[in-house]
Amino acid sequence: MITNFTIDLSGATFEFFTMNRVNLQLFQVYVLHEGKKQRFHMQFNEAGAFYIANKQVCPEIYHGLESTFSDAILKLGKV
């Protein structure tokens, strides 16, 4: 089963919400950035990793954490 989870990185808390309870496929990620709750998506690709699907809405400061987010989903997203 695919599950939601929360991680703390770089002084911020990221909440991962699955969009598919059967397969690791797509997550909405929420983070409080500069006093506003921001949402972006992490999507599974053919290479077997997750990537930020809509980088224009993800705060640029977090773009470098893309592979860390992917690793977190692969480790914590499936029960």
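**Figure 1. Glu66 and its salt bridge to Lys55 in the predicted model.** Glu66 is buried, with a relative accessible area of 19% (buried means under 20%, exposed over 50% and partly exposed in between, with a 1.4 Å probe and protein chains only). The closest N and O atoms of Lys55 and Glu66 are 3.6 Å apart (a salt bridge is a side-chain nitrogen of Lys or Arg within 4 Å of a carboxyl oxygen of Asp or Glu). Lys55 lies in the loop between S5 and H1 and Glu66 in helix H1, so the pair ties together parts that are eleven residues apart in sequence. Helices (H or I, at least four residues) and strands (E, at least two) are DSSP runs, numbered from the N terminus. This is a predicted model, in which local features need pLDDT of at least 70 and side-chain atom pairs count only at pLDDT 80 or more, while totals for chains, interfaces and linings use all residues. Residues are numbered from 1 along each chain as its sequence is written, and side-chain values use heavy atoms, with hydrogens and water left out.

Figure 2. The structure holds two salt bridges, and one of them joins the side chains of Glu15 and Lys37 at 3.4 Å, N to O. Glu15 is partly exposed, with a relative accessible area of 25%, whereas Lys37 counts as exposed at 57% relative accessibility. Glu15 also has a bridge partner in S3, namely Tyr30. Side chains of opposite charge can pair when their charged atoms come close.

**Figure 3. Strand S3 and the strands paired with it.** Strand S2 (residues 12–18) and strand S3 (residues 26–33) run antiparallel and are joined by five bridges. Eight bridges join S3 to strand S4 (residues 36–44), again in antiparallel fashion. Two strands pair if DSSP finds at least two bridges between them. Val29 stands opposite Phe40 in S4. In a regular strand the side chains alternate between the two faces of the sheet.

**Figure 4. Positive phi at Glu34 and Ser10.** The hairpin of S3 and S4 has two residues between the strands, and in it Glu34 takes a positive phi near 50 degrees. Glu34 is found in the loop between S3 and S4 and is exposed, with a relative accessible area of 73%. Ser10 sits in the loop between S1 and S2. Phi of Ser10 is near 50 degrees, a positive value in a residue other than glycine. At 63% relative accessibility, Ser10 counts as exposed.

**Figure 5. Asn54 in the loop that leads from S5 to H1.** Asn54 is found between strand S5 (50–52) and helix H1 (66–76). Asn54 is buried, with a relative accessible area of 15%. Leaving aside its neighbours within four places in sequence, Asn54 is in contact with Phe40 and His41 (contact means heavy atoms within 4.5 Å).

**Figure 6. The five-stranded sheet and helix H1.** The strands form an open sheet in the order S1-S2-S3-S4-S5, with antiparallel pairing. Strand S1 (5–9) and S5 are the edge strands, each pairing on one side only. From one strand to the next the twist averages 30 degrees. H1 lies across S1, S2, S3, S4 and S5 and runs at about 145 degrees to S1. Axes are lines fitted to C-alpha atoms, for helices over the stretch in contact, and angles run from 0 to 180 degrees between N-to-C directions.

**Figure 7. The whole chain, for orientation.** The secondary structure comes to one helix and five strands, in the pattern β-β-β-β-β-α along the sequence. The radius of gyration is 12 Å, close to the 12 Å that the globule rule gives for 79 residues, so the protein is as compact as a globular protein of that length. This radius is taken over C-alpha atoms, and the globule rule is 2.2 Å times the number of residues to the power 0.38. The C-alpha atoms fill a box of roughly 35 × 20 × 20 Å along the principal axes. Of the 79 residues, 39% count as buried.
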